[in-house]
Amino acid sequence: MSFLGSLFGKKSQPPADPAQPQRFDEEWEQAVKRFGAVTKLGAINMELKHPKTGNLMTPHDGLGQTFSEWKAIESPYDKRALLFEQIMSMVGKSMKRWQVANYLVANRSPQQAMSLLEKAEESEKADAQFQAAMAKTLMRLDRPSDALNHARQAIETAPDEQSLQTVYADALHLTGRCEEAHAIYTRQMAPAQPVVDTSIVSMFESLFSQETGSVPSPVLAVEIAESLSDPAQSEEFWRLGETEFYDSPYFRMHHAYHLINTGAKDRGFVKMIALVKEMPWLREASLNLSLLFEQFDPTGRQIMPELQTVLRQNIEKNGWTTAGMNKITLSTN
């Protein structure tokens, strides 16, 4: 099978790149802005100064160990996760519980976020942002009905907060109330001024970016991505979305479906494996991955047999069935 080498083969180390220091500095600044947006801290002053001279230092000089680790990472979302961890170590002590939970969700640790939120005092739970953090966490944990209850509490507490409306719309959509969700999305997408740049990148940034978007919703992003008929635009949109919404199992699952449905079965299969290994509590992803294994490896002995065993045991333990879910189908071509 063509992709076995990519799954099991060793990757050679890339040669040193003289442009890396500048790229690291740029990604650090981007990560600081995104961290502020995700946690609602806003603008964060992250000046790095030499411990002895007090002179300002560039990020790659002031964060040498992080820079070294960053250079060894290939994927943009894993690079961002590393930078988020560094930022968290520097500002985390001043953050509220719900802000830390938002950070954990953004860094693909929703179980830790839930453990933290469950320890909250009653006074903390009255905050609309706390309820929104609960909703976002529960959606990542594949509990959309519970998420909807918390999202509703959030908008009832702060009905004018647009970011809470996005969380509420996502929860509505994931519980099957799509028309109500789309009404909210439509209001949020209404442009405040005429659109000049109609490129995919500009559209994506204006709508879906955590830092600049009017409706940073992975659920709506999937809807838009699946509606694009131009192959080049579609590929670019999915690429942007994967980086932006890698913390969203919903987006990652549907990206894998898209790849499989458009002929890139191997890539889609590998992405489903990565998703379920990282988030084994996902019912639909787990069941569809099991179906993919049956097609790619009917004997269950050639591709990750241990993972297949664990996967099927998990499905049986939870009593999961394909009833009512988006069951993936594969062509025989």
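## Core, helices and cavities

The largest nonpolar core has 95 residues, and those with the most contacts inside it are Phe35, Ile87, Phe208, Phe269, Met272, Leu289 and Phe293. Helix 9 (residues 128–140) gives the most to this core, with eight residues. A nonpolar core is a set of buried Ala, Val, Leu, Ile, Met, Phe, Trp, Tyr and Cys residues joined through side-chain atoms within 4.5 Å. Buried means under 20% relative accessible area, exposed over 50%, and partly exposed in between (1.4 Å probe, protein chains only). Helices (H or I, at least four residues) are DSSP runs, numbered from the N terminus. In soluble globular proteins, nonpolar side chains tend to be buried together.

The model is predicted: local features need pLDDT of at least 70, side-chain atom pairs count only at pLDDT 80 or more, and totals for chains, interfaces and linings use all residues. Residues are numbered from 1 along each chain as its sequence is written, and side-chain values use heavy atoms, with hydrogens and water left out.

**Helix 16.** How many of the 13 residues of helix 16 are buried? Eleven are, so the helix is largely enclosed by the rest of the structure. The buried residues are Pro249, Tyr250, Phe251, Arg252, Met253, His254, His255, Ala256, Tyr257, Leu259 and Ile260. They pack against helix 9, helix 11 (162–174), helix 14 (218–227), helix 15 (231–244), helix 17 (265–278) and helix 18 (283–296). Contact means heavy atoms within 4.5 Å. Helix 16 covers residues 249–261 and should span 18 Å at 1.5 Å a residue; its end C-alpha atoms are 18 Å apart, which agrees. The expected span is 1.5 Å times one less than the number of residues. Gly263 follows helix 16 and has a positive phi, near 100°.

Tyr250 lies in helix 16. Its relative accessible area is 18%, so Tyr250 is buried. Neighbours within four places in sequence aside, Tyr250 is in contact with His173, Leu174, Pro218, Val219 and Val222. Tyr250 and Ser286 are 36 residues apart in sequence and 12 Å apart in space, C-alpha to C-alpha.

**Helix 6.** Helix 6 (residues 97–106) is mostly covered, with nine of its ten residues buried. Among them are Trp98, Tyr103 and Leu104. The buried residues of helix 6 pack against helix 2, helix 5, helix 7 (110–117) and helix 9.

Most residues other than glycine have a negative phi. Arg108, in the loop between helix 6 and helix 7, has a positive phi near 60°. Arg108 counts as buried because its relative accessibility is 18%. Met304 lies in the loop between helix 18 and helix 19 (305–318). Phi of Met304 is positive too, near 45°. At 17% relative accessibility, Met304 counts as buried.

**Cavities.** The structure holds two cavities of 30 Å³ or more. On a 1 Å grid over the protein atoms alone, a cavity is a set of points where a 1.4 Å probe fits but cannot get out; lining residues have an atom within 4 Å of a point. Grid points are joined across faces, edges and corners, and a volume is the space filled by probe spheres set on the points.

| Cavity | Volume | Lining by class |
|---|---|---|
| Largest | About 90 Å³ | Six nonpolar, one polar, four charged |

Ala, Val, Leu, Ile, Met, Phe, Trp, Tyr, Cys and Pro count as nonpolar, Asp, Glu, Lys and Arg as charged, and the others, Gly among them, as polar.

The largest cavity is lined by Arg34, Val38, Tyr77, Arg80, Ala81, Phe84, Ala106, Asn107, Arg108, Tyr246 and Asp247. Helix 2 (20–39) and helix 5 (76–91) are the elements that give two or more residues to this lining. Helix 5 gives the most, with four residues. The second largest cavity is lined by Glu242, Tyr246, Arg252, His255 and Lys271.

**Helix 9.** Leu138 lies in helix 9, and its relative accessibility of 1% makes it buried. Beyond four places in sequence, Leu138 is in contact with Met114, Arg143, Pro144, Asp146, Ala147 and His150. Arg140 is also placed in helix 9. Arg140 is buried, at 11% relative accessible area. Its contacts beyond four places in sequence include Asp247, Ser248 and Pro249.

Note on methods
On a 1 Å grid over the protein atoms alone, a cavity is a set of points where a 1.4 Å probe fits but cannot get out, and a pocket is an open set with protein on both sides within 12 Å along at least five of seven lines; lining residues have an atom within 4 Å of a point.
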